[in-house]
Structures are given as C-alpha cells and as structure tokens.
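The points are grouped by topic.

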Amino acid sequence: MLINFVSENCTTIMKNKIYKVETISDLHEIAGFEKPKHPLVTVIDFSKVNPNNMPGSASFSCSFYSVNFKKHCSFIYGRQAFDHKEGTLLCTAPEQIITFDRKKEKGSTEGWGLFFHPELIRNTVLGKKINEYSFFNYAENEALHLSEQEKQTLLSVLKQMENEYNTNIDHYSHDLIISNIELLLNYCRRFYNRQFITRTNQNKDVIVRFEEFITEYFNSDKLSNNGIPTVKYCAGAMNLSPNYFSDLLKSETGKNTQEHIHYYLLEKAKNILLSSDKNIDEIAYELGFEYPQNFSKLFKRKVGISPTEFRNEIIKN
C-alpha cells in the first residue's frame with residue numbers, strides 16, 4: 001500500500017503535515033524506483049521498496065486511485081488503528097488521507113498496488129462510471145479479505161496490465177490498459193459481493209440495529225428537531241462508512257440506505273395524513289422538510305399520487 005511511500009524531499013507538505021503525492025512519477029521517486037514506463041498508471045511490488053528510506057510515520061494524500069493488497073500492514077485510517085497479518089485489499093480514491101506507522105511493521109512487506117491517475121480514464125466509459133465502484137470510499141476496517149484463488153485472479157490481471165504498458169506503446173495500448181483496470185475493478189466488485197454473502201450473520205445484526213435506530217429516530221422528536229437523517233448520519237450510527245453501509249443494505253434487503261430512509265419517512269407521512277387534519281405544509285415541516293414542495297414531490301414520486309390525493313382516496317374508500 002502507498003502508506004509506505006512517503007518522502008519529504010519529493011512531495012509537497014501541506015500545512016497540517018499531510019504529504020501530497022501528485023503524480024505517478026512522484027510515487028516512483030518516493031519508492032526509490034526508476035522513472036515509470038507510463039506517466040498515468042503503475043503497478044508496484046511492495047516487497048521491492050526499501051523501508052529504511054521511509055520515515056517512522058506519516059500522513060499522506062494522493063491524487064490518484066489505488067487498489068492495494070498487502071500483508072503485515074499496520075496503519076491508521078480515520079481514527080482507528082489496524083494490524084492485518086493475513087492481508088487484505090483496500091481501494092482508495094483521490095485525496096483520501098491515510099496515516100502510516102512503520103514502527104509497527106514486522107518482517108518484510110508483501111503485496112502490490114495498482115495506481116492510476118484520473119486523467120488516464122477521463123472521457124472513457126470507465127471514467128464515466130468510476131463512481132459506481134463504491135468500494136473506493138469504504139473505510140479501511142471494511143477492506144476486502146481475499147481467498148487464495150481470488151488473489152491469483154487479481155494478480156493475473158495485474159501481470160497482463162504490466163506487460164501492456166511495459167511494451168512499446170501503440171494505438172491499442174490505452175484501451176487495453178483501461179480494459180484491464182476495469183476487469184480488475186469488476187472482479188473486486190464480485191469479491192466484495194461474495195464477502196457480503198459470507199458475512200450474512202454479521203450483516204443481519206447490523207440490519208437489526210439499524211431498524212431499531214431508524215424506528216426510534218422517526219418515533220421521537222429528532223425528526224422535527226434535526227430534520228431527515230442523512231445516509232452519512234445513519235452509517236455513522238452503525239460505525240460504518242456511507243458507501244459500505246448502503247452496499248451492505250442493498251445486498252441483504254434490496255434497498256440502499258437512502259431508500260430505507262425514504263420508506264420510513266413515507267410510512268410516517270401516511271400515518272399523519274390519515275390520523276390528523278393537518279395541512280400538507282404542516283406535515284412537511286413536522287417530517288423535517290425545509291420546503292413543503294420537496295415533500296410533495298418525493299411523496300408523488302414514490303407513492304404515485306400526491307399527499308392530498310392519497311388522503312382523499314383513502315378517506316373515500
């Protein structure tokens with residue numbers, strides 16, 4: 001993982017002591033490697049990086065995407081410290097911050113990292129759908145634990161990619177490199193889905209806690225006082241990242257976090273519509289909407305009719 005690759009003499013240090021790595025060339029220089037074969041993408045073997053050239057600890061932010069597999073990895077992501085002895089896969093998006101503590105490293109570092117700059121995929125199909133790969137924004141404690149077969153599958157794609165950018169660049173190189181990156185990311189998505197399935201018991205515990213949390217929120221005065229809960233707020237209550245939590249819910253229930261929030265919100269709206277004579281604006285404010293028209297739009301989009309039509313139709317029937 002790039003957490004090993006921090007060097008003061010070839011990065012720009014930000015005011016809060018975060019090292020900024022702007023280019024693939026900077027990354028190679030920090031790692032002590034020769035100039036990269038391709039300016040926008042590289043694969044790095046972590047075992048070839050000399051840890052003695054690295055500081056004891058450092059925080060950094062990179063301007064590119066990374067897919068990293070590493071064993072014997074100790075570092076801080078957010079506010080939590082982690083020690084992965086068996087090895088995991090972690091994907092990061094540009095500008096995410098990771099703090100590495102080399103003092104906790106034991107033995108040699110094994111693993112690899114794929115790093116590619118956003119410019120590589122700009123104006124490509126992959127570039128347009130890169131945000132669909134939500135695991136780039138998972139927290140580190142939500143990293144992917146790979147089977148041996150899965151490790152070999154990803155490694156074979158990496159080898160193919162290395163062969164492509166190490167050969168003479170031609171008209172087909174760019175498309176083939178991007179195709180291999182997309183193939184690797186699709187495998188990552190498949191393996192994450194497998195992990196959701198194999199962790200179904202733990203996931204169900206999370207869902208039960210979430211249902212208790214969201215029910216209590218909507219049945220208390222928090223809704224009118226604090227407004228509609230956000231995806232980030234709900235995920236934080238479960239101690240998970242927003243993307244991971246939504247993907248977990250989607251895997252187990254078929255609905256993501258936002259859809260669950262809307263479900264509870266509309267159920268409460270229906271109850272108020274049928275049990276009171278409050279007008280639509282009053283109900284909207286009670287539900288935490290700043291603008292009543294937003295409530296009406298959401299209701300009609302999800303239910304198929306307006307709040308007023310719903311109330312009149314139920315009363316008539």
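Arg 122 pairs with Glu 119 in a salt bridge, with 2.7 Å between the closest N and O atoms. The model is a predicted one. Its chain has 13 helices and 10 strands, and 48% of the 317 residues count as buried. Among contacts with a separation of 6 or more, 71% join residues 24 or more positions apart.

**Salt bridges**

- The whole structure contains 10 salt bridges, and the pair Arg 122 and Glu 119 is one of them.
- Arg 122 is partly exposed at 47% relative accessibility, and Glu 119 is partly exposed at 40%.
- Glu 267 and Lys 270 form another salt bridge, in which the closest N and O atoms are 3.6 Å apart.
- Glu 267 and Lys 270 are separated by about one helical turn, because they are three residues apart in helix α10 (residues 257–275).
- The relative accessibility is 30% for Glu 267, which counts as partly exposed, and 23% for Lys 270, also partly exposed.
- Lys 278 bridges to Glu 286, with the closest N and O atoms 2.6 Å apart.
- Lys 278 has a relative accessible area of 30% and is partly exposed; Glu 286 is partly exposed at 26%.
- As a general point, side chains of opposite charge can pair when their charged atoms come close.

**A buried arginine without a salt bridge**

- Arg 311 is located in helix α13 (residues 307–316).
- Arg 311 is buried but has no salt bridge. The nearest side chain of opposite charge belongs to Asp 277, 6.6 Å away, whereas a salt bridge requires the nitrogen and oxygen to be within 4 Å.
- Which backbone oxygen lies 2.9 Å from a polar atom of the Arg 311 side chain? That oxygen belongs to Lys 278.
- The backbone oxygen of Ser 276 is 3.1 Å from a polar atom of the Arg 311 side chain.
- With neighbours within four places in sequence set aside, the contacts of Arg 311 are Ile 272, Leu 273, Leu 274, Ser 276, Asp 277, Lys 278 and Ile 283.

**Nonpolar cores**

- The largest nonpolar core comprises 68 residues. Val 67, Leu 89, Leu 114, Phe 116, Phe 136, Ile 181 and Leu 185 have the most contacts inside it.
- Helix α5 (residues 173–198) contributes the most to this core, with nine residues.
- Another core lies apart from the largest one and has 13 residues, including Ala 31, Ile 44, Cys 62 and Phe 115.
- Not counting residues up to four places away in sequence, Val 67 touches Leu 89, Leu 90, Cys 91, Trp 112, Gly 113, Leu 114, Phe 136, Leu 184, Leu 185 and Cys 188.
- In soluble globular proteins, nonpolar side chains tend to be buried together.

**Cysteines**

- How many disulfides does the structure hold? The count is zero.
- The cysteine sulfur closest to that of Cys 91 is in Cys 188, at 4.7 Å, and this is too far for a bond. The cut-off for a disulfide is 2.5 Å between the sulfur atoms.
- Cys 91 is buried at 2% relative accessibility, and Cys 234 is buried with a relative accessible area of 0%.

**Helix α1**

- Helix α1 (residues 24–31) is mostly covered, with six of its eight residues buried.
- The buried residues of α1 are Ile 24, Asp 26, Leu 27, His 28, Ile 30 and Ala 31.
- The elements that cover these buried residues include β2 (18–21), β3 (41–45) and β10 (111–116).
- Gly 32 follows α1 and has a positive phi, near 85°.

**Ser 251 in helix α9**

- Ser 251 is in helix α9 (residues 242–253) and is partly exposed at 30% relative accessibility.
- With neighbours within four places in sequence left aside, Ser 251 is in contact with Asn 193 and Phe 196.
- Ser 251 and Arg 194 are 57 residues apart in sequence, and their C-alpha atoms are 9.9 Å apart in space.

How values were computed: Residues are numbered from 1 along each chain as its sequence is written. This is a predicted model: local features need pLDDT of at least 70, side-chain atom pairs count only at pLDDT 80 or more; totals for chains, interfaces and linings use all residues. Side-chain values use heavy atoms; hydrogens and water are left out. Buried means under 20% relative accessible area, exposed over 50%, partly exposed in between (1.4 Å probe, protein chains only). Helices (H or I, at least four residues) and strands (E, at least two) are DSSP runs, numbered from the N terminus. Lys and Arg count as positive and Asp and Glu as negative; His and the chain ends are not counted. A polar contact is a pair of N or O atoms within 3.5 Å; within protein, one must be able to donate a hydrogen and the other to accept it, and residues adjacent in sequence count only if both atoms are side-chain atoms. Contact means heavy atoms within 4.5 Å. A nonpolar core is a set of buried Ala, Val, Leu, Ile, Met, Phe, Trp, Tyr and Cys residues joined through side-chain atoms within 4.5 Å.
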